[in-house]
Structure formats: C-alpha cells, structure tokens
Amino acid sequence: MKSSVLSIIALFFISLVSANASSEPEKLDWTPTFKQGINISHWMAQHSPGKYADPYRFSEADAKWIAKHGFDHVRIPVDGRVLMSVEGKLINELMEPFDQSLVWAKKYKLGVILDMHYMPGAHFLVSAEENKLWEDKDLQATVKSMWSQIAKKYIDVGGFLRYEVLNEAVAPTSEKVNNLNKMIVAVVREVDSTRVIYVSSNMWGNFELAEEVHVFKDDPNVHYAFHTYEPLIFTHQHARWNPHTQYYSKDLNFPFKVTDLDKYLPEDSGELVYNNKLIDEKFIDKKFDKLGDWAKRNNVQVLVTEFGVINGADDPSTERFIRAIKEASERNNFGWTVWDYKGDFAVRLDGKPTAVWRGLFK
C-alpha cells in the first residue's frame with residue numbers, strides 16, 4: 001500500500017515537471033528581428049471561394065523566396081470568424097496551414113505574426129455601428145475563448161511567433177478598442193507570459209489616434225501596430241473596390257499636388273483633406289515623426305504592419321513612395337511589414353520583384 005502511494009506521488013511530480021517543461025518555448029538558433037516583413041494576403045483570410053490556404057498564395061518555396069529577398073518576417077492574416085466550432089472549440093484543421101507555415105518559417109529563419117484579420121462581429125470594411133463585437137457579450141466571450149485556445153495551442157512555439165490582437169478595428173470609440181486590447185492581452189497572459197502581442201488604434205490602425213491607445217506600461221512585450229495607406233487617391237488609384245475611384249480615376253504620380261478634388265469627390269470624402277496639399281517625402285516624414293515622438297514618450301516599440309502602393313501605379317512613383325515610408329519607419333526605429341506578397345500590391349509578380357520590392361531594397 002505504501003509503495004502504491006509513493007508511486008502515485010512520484011507520478012504526480014513527474015507529470016508536474018512535464019507540464020512545466022512543456023510551457024517553456026522552444027529554443028532558437030537565431031534571433032528573430034521583425035524589422036522588414038511582408039503580408040501573406042488572401043491565403044487564410046480574404047481568399048477566393050474554395051481557395052482557403054491556396055498553395056499559389058504561399059508555400060515553402062515562397063517562404064524561401066521571401067527570406068532570400070531581404071525580409072525577416074511574415075504577417076499572416078487569419079479569418080477568426082470561421083475558426084470556432086458551434087461547440088466553442090478551435091477548429092484545428094483550419095489552423096493546419098498556419099502550423100505548416102511555422103515549420104517553413106523556422107527553416108528559413110523568418111518571424112511570424114498571427115494577425116487576427118477578422119473576429120466574430122469585427123470587420124474593417126463596415127461602419128462602427130455594424131460591428132457588433134463592441135457591445136455583444138456573447139461575441140466577446142467567443143473571442144476570449146478563441147484567443148485562449150490559440151495561446152494554449154502555440155505555447156511551446158519559440159519567440160519567432162507573435163500575435164496581433166485585431167486587424168484594423170472600427171469601433172464607436174477608442175475606449176472600446178482599448179477594452180478589447182486589455183481583454184485579449186489578459187487572456188493570452190494567463191497562458192503565455194512573455195510572447196510579444198501587438199495592439200493597435202481605432203479606425204484602421206490610424207496613426208493620428210495613437211494618443212488614444214492604452215499603453216501597457218507594465219508589459220514591455222506588448223508592442224504597437226499601425227497602418228498607413230494615405231492618401232488613398234494615390235496608393236489605391238484605379239482599385240476596383242476603392243469608393244474614391246468611382247469619382248476620381250486619374251493617374252497620380254508621386255510627388256503630387258491635386259487642386260480640384262472638390263470637383264470630383266463627395267462632400268463627406270475623407271480624401272478632400274489632400275486637396276491643394278503637396279504630397280511628398282516631407283508629408284510622409286511629418287506623419288511618421290509624430291508617431292515616433294509618441295513612441296519615444298511612451299517608451300514603446302512600433303511596427304507598421306500595413307502600407308503599400310497598388311500594382312499599376314507608375315513604377316518610379318511607387319518606388320519613391322515606398323522608399324520614403326521605409327526610410328521614415330527606420331529613422332523612427334519602427335519595424336515595417338509591407339502589403340503584400342502576391343496580391344494587388346504585390347512585391348512579386350510572375351516570379352519577379354516589383355517596383356514595391358525595389359522601393360524597399362534598391
């Protein structure tokens with residue numbers, strides 16, 4: 001009887017040690033830097049019907065190309081609206097492509113950001129009033145459970161994996177976004193105390209709303225993600241989904257100054273602020289330096305997780321604009337993650353680097 005009790009006790013301590021060991025992330029033979037990255041768009045989010053995790057969009061060969069061409073990390077948008085079963089369980093089969101991407105990334109020494117591109121009740125292409133996550137407690141409970149299960153699933157993965165709470169929040173107030181950020185950070189921290197987590201501002205990761213972002217002063221592993229595509233009349237010119245193009249369809253070459261936007265755009269268009277304004281490197285520098293001042297005052301790290309110029313824009317203009325963004329980012333000690341790999345803003349088309357890539361590395 002005594003030996004049986006001792007055996008049970010021994011098994012208990014063995015299991016306890018094993019549990020603790022399993023919570024230790026794997027050791028890496030390289031240091032992930034997250035300075036120069038690229039978005040893997042239309043792969044696990046925004047994909048065409050029947051094209052979930054399409055190998056054309058991303059494969060091991062692509063990971064190798066990305067690493068060879070100067071990038072040190074990938075940001076993988078994931079559609080959180082489809083990841084949970086009706087029983088409230090993470091659907092592991094839908095995460096298998098991401099699991100495979102971690103294998104490729106580790107092989108080619110690339111960092112990975114799991115970007116929750118959508119969440120139940122949160123969509124960046126609709127108004128704040130249409131996004132239900134901010135008020136719906138059941139949706140919030142689902143989101144908490146999803147992030148908790150993700151944190152547990154990847155607890156043993158090394159520091160080359162990072163999380164981004166939500167892509168381009170569109171909420172009635174910044175306070176709503178801050179509350180979500182706090183909630184998800186707390187959920188992940190219950191499982192994983194050190195992994196880097198990116199939080200962002202309201203209204204599509206707006207630079208101008210940085211001052212309204214809650215800063216996690218006691219958690220240096222919470223970093224801050226922002227997006228910039230302004231002005232859309234240049235970066236999204238001729239885009240079939242861009243509402244501005246139905247009014248203003250002229251070619252624009254950077255730098256530029258448009259003096260007649262008011263003749264084309266509706267009165268409520270946000271792009272009217274660029275009428276009669278010179279859009280050049282100084283315009284970009286001013287915007288980035290303001291965010292850089294915020295980062296320094298708050299002693300935080302910033303990653304610009306989306307920016308880009310649509311393919312089809314003038315090549316020299318694209319190169320010059322992208323180069324200005326890169327230089328402004330690096331001057332302010334921001335990392336950057338360009339949009340995107342093989343989509344409408346591609347750095348690679350027909351197997352070859354585009355003007356976007358040349359703006360980053362030439």
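Modeller: The account below begins with a pair of helices and then turns to a strand and a loop residue. Please note that the model is predicted.

The helices are α8, residues 281-298, and α9, residues 315-331, whose axes come within 9 Å and cross at roughly 30°. Because angles under 35 degrees count as roughly parallel, α8 is described as roughly parallel to α9. The crossing of the two helices is right-handed. On the side of α8, the contact is made by E281, I284, D285, F288 and D289. Helix α9 contributes R320, F321, A324, I325, A328, S329 and R331.

Eight of its eight residues are buried, so β3 is largely enclosed by the rest of the structure. Strand β2, residues 73-79, pairs with β3 in the parallel sense, over seven bridges. Within that pairing, P77 has D115 of β3 as its bridge partner.

The loop residue is N275, which lies between β7 (256-257) and β8 (278-279). N275 has a relative accessible area of 17%; buried means under 20%, so N275 counts as buried. Leaving aside residues up to four places away in sequence, N275 touches V258, T259, D260, L261 and D262. For D262, 13 residues from N275 along the chain, the separation of the two C-alpha atoms is 7.2 Å.

How values were computed:
Residues numbered from 1 in each chain as written. Predicted model: local features only at pLDDT ≥ 70, side-chain atom pairs only at ≥ 80, totals over all residues. Heavy atoms only, no water. Axes fitted to C-alpha atoms, helices over the stretch in contact; angles between N-to-C directions. Helix = DSSP H or I, 4+ residues; strand = E, 2+ residues; numbered from the N terminus. Parallel < 35°, antiparallel > 145°, perpendicular 65-115°, else oblique. Left-handed = near helix turned anticlockwise from the far one by under 90°. Contact = heavy atoms within 4.5 Å. Buried < 20%, exposed > 50% of the residue type's maximum accessible area, 1.4 Å probe, protein only. Pairing = 2+ DSSP bridges.
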